[in-house]
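Keep the viewer open as you read.

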Amino acid sequence: VTEELHLNSFLADNNIESIETDLGEYIQQLDGEPPYHIVTPAMHKSKEDIAALFHDKLGVPPNLSPKELTLIAREKLRQKYIEAEVGITGGNFLIADIGAVCVTENEGNARLTTAFPPVHIAIVGIEKLLPSINDLALFWPLLSTYGTGQKLTVYNSIFTGPKQSKETDGPKEMYVILLDNGRTNLLRKEVRESMYCIRCGACLNVCPVYKNIGGHSYDTTYSGPIGSVITPHLKGMYEFNHLSHASSLCGACTATCPVNINIHGMLLKNRHIAVNELRVDIKEKA
């Protein structure tokens, strides 16, 4: 979600250093590239590419193994956790009844980001709200199974505020920012069902278009089938209506979606909306 807001570049323009702590995001940040995939940001890079990047940017020996590269990233990032004044996370889910932010991850970096800095800021889209903590028993396994093939991710955290007087770890202050950024536009449209998305990335993994052209071709934060549905409404139908046309309508995305979003049907609806809202010539309209 911070990628959607271009937060890193904004902070850099204001002389604030921000470091991505997810290993894939860290690799992409070092290379000056946006994420390639919403779950596995650097999946398009080989281990040789990453070794060459670390050699170039961090001055480490060339041709290191994946284990050695991971340990170098760990060493570089550990110092940043201790020095940082603010930790920023997203949120996989918001829980209404207990007022919580839920974060699920495989590396433990989000836990360190929320444990060491004195301030924790969570930026979460309004569509991530669940009514009750009891709903997590359904949604957390769905997210991990469809996203990475695990029964549950390695680290699952529930944050309900800053550290209490008897606690040793955690921030002194916690802020939750609820992000709209065009989401209410989607709720008014025929494609409001797209807001059910839990960002597991499954539709990207099965999409024949995504598999052939890759994530960067979409030129947007959310790529693949679900990105093609929501981006025209978040960033402008005129600039991004072409994404809904770049689809085979094979329905693989709809078949794999864990929350049963009719993705290929909404791609058709987007084409209909585009023809109605934009000035197209009479042949195309017909």
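This is a predicted model: local features need pLDDT of at least 70, side-chain atom pairs count only at pLDDT 80 or more; totals for chains, interfaces and linings use all residues.

## A walk through the fold

Start with strand S4, residues 119-125, which runs parallel to S7 and is joined to S7 by seven bridges. Residues are numbered from 1 along each chain as its sequence is written, and side-chain values use heavy atoms, with hydrogens and water left out.

Back to the strands. Ala122 sits opposite Val176 in S7. S4 also has S1 as a parallel neighbour, joined by four bridges, and Ile88 has Ile121 in S4 as its bridge partner. Put together, that gives an open sheet of three strands in the order S1-S4-S7, with parallel pairing. Two strands count as paired if DSSP finds at least two bridges between them. Strand S1 (86-89) and strand S7 (173-179) are at the edges with a single partner strand each, so one side of each has no neighbour in the sheet. From one strand to the next, the twist averages 15°; axes are lines fitted to C-alpha atoms (for helices, over the stretch in contact), and angles run from 0 to 180 degrees between N-to-C directions.

Which residues of S1 make up its covered face, and which its uncovered one? Gly87 and Thr89 are on the covered face, whereas Val86 and Ile88 are on the uncovered one.

There is another sheet to look at. Four strands form it, in the order S5-S2-S3-S6; it is open and its pairing is mixed. Its edge strands are strand S5 (129-130) and S6, each pairing on one side only. S3 and S6 run antiparallel and are joined by five bridges, and Cys102 has Ile158 in S6 as its bridge partner.

Now for the core. In soluble globular proteins, nonpolar side chains tend to be buried together. In this model the largest nonpolar core has 38 residues, and Phe93, Ile198 and Ile261 have the most contacts inside it. A nonpolar core is a set of buried Ala, Val, Leu, Ile, Met, Phe, Trp, Tyr and Cys residues joined through side-chain atoms within 4.5 Å. Buried means under 20% relative accessible area, exposed means over 50%, and partly exposed lies in between (1.4 Å probe, protein chains only). The elements giving two or more residues to this core include strand S2 (93-95), strand S3 (100-105), helix H7 (136-148) and helix H15 (263-277). H7 gives the most, with five residues.

On to the loops. His6 is in the one between helix H1 (2-5) and helix H2 (7-13). Its phi is positive, about 55°, although His6 is not a glycine. At 47% relative accessibility, His6 counts as partly exposed. Asn181, in the loop between S7 and helix H8 (183-187), also has a positive phi, near 50°, in a residue other than glycine. Asn181 is partly exposed, with a relative accessible area of 37%.

Is Ser223 buried or exposed? Ser223 counts as buried at 4% relative accessibility, and Tyr218 is likewise buried at 4%. Ser223 and Cys203 are 20 residues apart in sequence, with 9.8 Å between their C-alpha atoms. Thr221, in the loop between H10 and H11 as well, is partly exposed, with a relative accessible area of 22%.

Of its 17 lining residues, the closest to its centre are Phe159, Gly161, Glu167, Asp169 and Gly170. Helix H6 (109-115) and strand S6 (155-159) are the elements that give two or more residues to the lining. On a 1 Å grid over the protein atoms alone, a pocket is an open set of points where a 1.4 Å probe fits, with protein on both sides within 12 Å along at least five of seven lines, and lining residues have an atom within 4 Å of a point.
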